[in-house]
Amino acid sequence: MKTVGNWHALTIEDTLQQLGSSVRGLTSAEAAERLARFGRNEIVRRKPVSPLRLLARQFASFFVIVLLFAAALAFVVSFMPGESERRLTAFFILAIVILSVALSFFQEYRAQKELESLDRLLLFRAVVIRDGIHRQVDAAEVVPGDLLVLSQGQKVPADARVLESHGMRADESALTGESVGADKAPEPVAPEAPLAERSSMVFGSTFITHGSGLAIAVRTGMTTEVGQIASSMQQMADRPTPFQVEVHKMARQMTIIVGTLAVVVGLILLFALHQPPVEVAVNTLSLAVATIPESLPIVLTFALALGARRMAARRAVVRRLSVVESLGSVDTICTDKTGTLTQNRMAVQRLFSGGRLVPMSEGSVSEDGIEELLRAGMLCSEATNGEGGKDDILGDPVDKALLRAAQSAGLNTSRERAAYPKVSEIPFSPERKMMTTIHRHNGGMVAYAKGAPGAILAHCTSCWYEGQRLPLEDDRCRSVYEVIRRLQGEGMYTLALARKEVVLNQAAEDPEQSMTFLGLQALVDPPRPEAAQAVAQAQGAGIRVVMITGDNALTAQSVAGQLGIGHRAISAEELEALTLSQLVERMKEVDVVARATPQVKQRVLQALQSEGHFVAMTGDGVNDAMALKQSDVSVAMGQRGTDIAKESAAMVLTDDNFASIVAAVEEGRRIFDNIRKFTNYLLSTSLGEVLVVLVLSAFGYFPLSATMLLWVNVVTDLVPASALAADPAVPGIMQRRLRRHDEPILNKAIYATIAGSALRTLVAYSLVFWAGLHLGGTPYARTMLFTAIVLHAFTRVMVVRQLDKLSIWSNPALLWSYAVAVGLQLLALYTPLRALFGVVSLDWRAWAVMLPVVAGSSVAGVYMTRWILKLVPLWE
């Protein structure tokens, strides 16, 4: 058997010859030999990462490595004489690492379903002809050369060349994006025909919605169209999100700060204060513990997990935590049309009869012409009502739309079909582009036909006009040609319908000749009701919406225009002829990409991304999978989406609502704001502690022990920062300037506020320590400083929230966290726990100093922050 690329362009004889098969099918021996040679008709799954390896991956974080090093150093030092308290420091840091790693591990373990459902696409039974007889086999055992027996409702087991077609039509929307079923015929098509126009082929994992036929399998397993998509996805490496890059960068920056300050303090202690080397190592470690905000990794994970939960409540389920923040910086949404912006349900929108073009909503069965037009569409259809009632309709999408239109206009379809029992049918074929059904009625016979307007009109000699038949040459009949051009120009799928009274005693009479033209039914895949508003909201937030669809340009432009996306379109054929640089320029003014293949979608994404755009891709079909994988933020539809699309996406919309994307973007922006706030808070408080230790060490004091620093980090970092991560969204957040995807968490304004805070707290802490020395000596001063840092944390939170001008009462969790922090600090001061920290009880004199200093520092911080933000805007 030879390998052929363009099976759709070969004749039936050439296809059979190339495959070494015949119209009797393969023998059982040949099928077994080919199964051994080509393998099972399955999607090869990418081997999933083992839980152990996934767990090990969590420890590759730079922040985690730094914290583990600090824990190890503390543990080693704890075995030195008199330094056993360092062991508590080591265990605390280790607990933080374990908690952070555990949260990330369980989130990723749950989300690790990438490609695991791909093989389920082909797990079903297929009917083949082997040894000249029909056999039912496992679809995984279908091999190239097998003859496939296809019928309505059946799933196609492999890519196959059509040999026979009896009105056969396939639903390929998940693969091509086409809403309308694809008609199938045995005649070859041009080698360069795009996937959606290969009428001589059926494709694995699509469905036969109408008719029946015979096809010969030409590609199985990973060589099918679906398999090639899966293979491409497996070869695509997961790219780190900008947020992950930023966190890694921030971890390195913190390490440099830690190293630099540790060296400076070590040199001061060793050469200026002449402390023993062991003492220098211990104090340097304490400084490192204060500098590294151990709580940052776990608060980051908590913020992202909290955001993921809130998104889930808004119908957007996040599968990878790191994408939560990335949503806030999306500036371009590339969206599929079918099932995403539209309902993936053909519907009759307009009716033309008797010279009148009316919306479907105004069509009434009280009008003779409209009633007969709807009756023709309903009778010349194989759609039927299922067990679920009126809305449960089975059949081809177009037939379903015709039946639904008749029912919605008031026709009792069950009664009509009983009054017009079908006696025969002339099936649809791509060559004829029409079908006819013949019915018995009132003792006579009547034929109804539907099809392409040109084909139907070619079989008509008259038209129905205001209750009378007129010759087709009459100007009133010929007005239909202008209506057809108009409807097709608007991207509508236009069907013509006709009828003929068949004379019973004229057996040789052709029921399709000399018919009477009844009118037109214009169908569309209607936009989702909320899609237009969602597109407008996205555009109002500075986000560009681009439609990328497998549908034709006219239909796509019509839908895009209705939704406010735009009318500027480019076809896949035109796009493929452009170089990357030409495509980059062209995409600056394109609203719609039509007839897009998976490869075209990837090229469009690459062109947009090469210009620095941060792109989200939405989709629900098999044909969207590779583009979803390539995009910066991938969004799949949960209800209509295929398994491939959902498993490829970072986020799944459970309600298939495009509007949920806008809600998710808003949530992403809120999360980024909160990450910026609590990072600012954690780093500024840590830097303030470092500076006071550094300055007081230079004057011969080491004011805070490792245990004190550890306690401060627990009480003032973890709980308040976690509460800060739950801050509500700022009013007007979606009208704010769009944030660049590469904009750092710590920009110039944040660095300026951190520096200002560090200098301000240094002054306040030094003043408190100096007052403590005069009130009660060094132990008293250390206790005052220890307590002042805890009290000052809340004021720093309020100053940080000046960035968003939120009310103090807008986040009750923050107030409760501060109450808990103060309560714990009082326990440390006035219970036997004070022996653990080496502190003394404070009297009213200490509080009389600390409270005014902390309050004054807070007020100064508010005005300083406002002044800094005027000089260096937060959103440049």
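Modeller: A residue is called buried when its relative accessible area is under 20%, exposed when that area is over 50%, and partly exposed in between (1.4 Å probe, protein chains only). The structure is a predicted model, in which local features need pLDDT of at least 70 and side-chain atom pairs count only at pLDDT 80 or more, while totals for chains, interfaces and linings use all residues. Residues are numbered from 1 along each chain as its sequence is written, and side-chain values use heavy atoms, with hydrogens and water left out.

Biologist: Is Ser205 buried or exposed, and what is its relative accessible area?

Modeller: Ser205 lies in the loop between strand 6 (201–202) and strand 7 (207–219); helices (H or I, at least four residues) and strands (E, at least two) are DSSP runs, numbered from the N terminus. Ser205 has a positive phi of about 75 degrees although it is not a glycine. It counts as buried because its relative accessible area is 13%.

Biologist: What is the relative accessibility of Ser514?

Modeller: Ser514 is found in the loop between strand 19 (493–502) and strand 20 (515–524). Its phi is positive, near 60 degrees, in a residue other than glycine. Ser514 counts as partly exposed because its relative accessibility is 46%.

Biologist: How many Å apart are the end C-alpha atoms of helix 16?

Modeller: The expected span of a helix is 1.5 Å times one less than its number of residues. Helix 16 (residues 475–489) has 15 residues, so it should span 21 Å.

Biologist: Which residue caps the N-terminal end of helix 16?

Modeller: Beyond the helix comes Gly491, which has a positive phi near 80 degrees. At the N-terminal end, a side-chain oxygen lies 2.7 Å from the backbone nitrogen of Arg476.

Biologist: Which residues of helix 16 are buried?

Modeller: An α-helix has 3.6 residues a turn, so residues three or four places apart point the same way. In helix 16, the buried residues are Cys477, Val480, Val483, Ile484 and Leu487.

Biologist: Which residue in strand 25 stands opposite Gly619?

Modeller: In a regular strand the side chains alternate between the two faces of the sheet. Both faces of strand 24 (residues 615–619) are covered, with Val615, Met617 and Gly619 buried on one side and Ala616 and Thr618 buried on the other. Strand 24 and strand 25 (residues 633–637) run parallel and are joined by four bridges; two strands pair if DSSP finds at least two bridges between them. In strand 25, the residue opposite Gly619 is Ala636.

Biologist: Which residue stands opposite Met617 in strand 24?

Modeller: Strand 24 also pairs with strand 9 (residues 332–335), in the parallel sense and over four bridges. The residue that stands opposite Met617 is Cys334.

Biologist: How many residues apart in sequence are the parts that Asp551 and Lys337 tie together?

Modeller: A salt bridge is a side-chain nitrogen of Lys or Arg within 4 Å of a carboxyl oxygen of Asp or Glu. Asp551 and Lys337 form one, with the closest N and O atoms 2.9 Å apart. Asp551 lies in the loop between strand 21 (544–548) and helix 18 (553–563) and Lys337 in the loop between strand 9 and strand 10 (347–353), so the separation in sequence of the parts they tie together, in residues, is 214.

Biologist: Which residues are linked with Arg375 in a network of salt bridges?

Modeller: Arg375 and Glu372 meet in a salt bridge (2.5 Å, N to O), and both lie in helix 12 (residues 368–379), three residues apart, about one turn of the helix. Arg375 also forms a salt bridge with Glu416, the closest N and O atoms being 2.7 Å apart. Arg375 lies in helix 12 and Glu416 in helix 14 (residues 413–419), so this pair ties together parts that are 41 residues apart in sequence. The residues linked with Arg375 in the network are Glu371, Glu372, Glu416, Arg499 and Glu501.

Biologist: With which residue does the side chain of Thr579 make a polar contact?

Modeller: Thr579 is placed in the loop between helix 19 (572–576) and helix 20 (580–586). It is partly exposed because its relative accessible area is 41%. A polar contact is a pair of N or O atoms within 3.5 Å; within protein, one must be able to donate a hydrogen and the other to accept it, and residues adjacent in sequence count only if both atoms are side-chain atoms. At 3.2 Å, the side chain of Thr579 makes such a contact with the side chain of Ser581.
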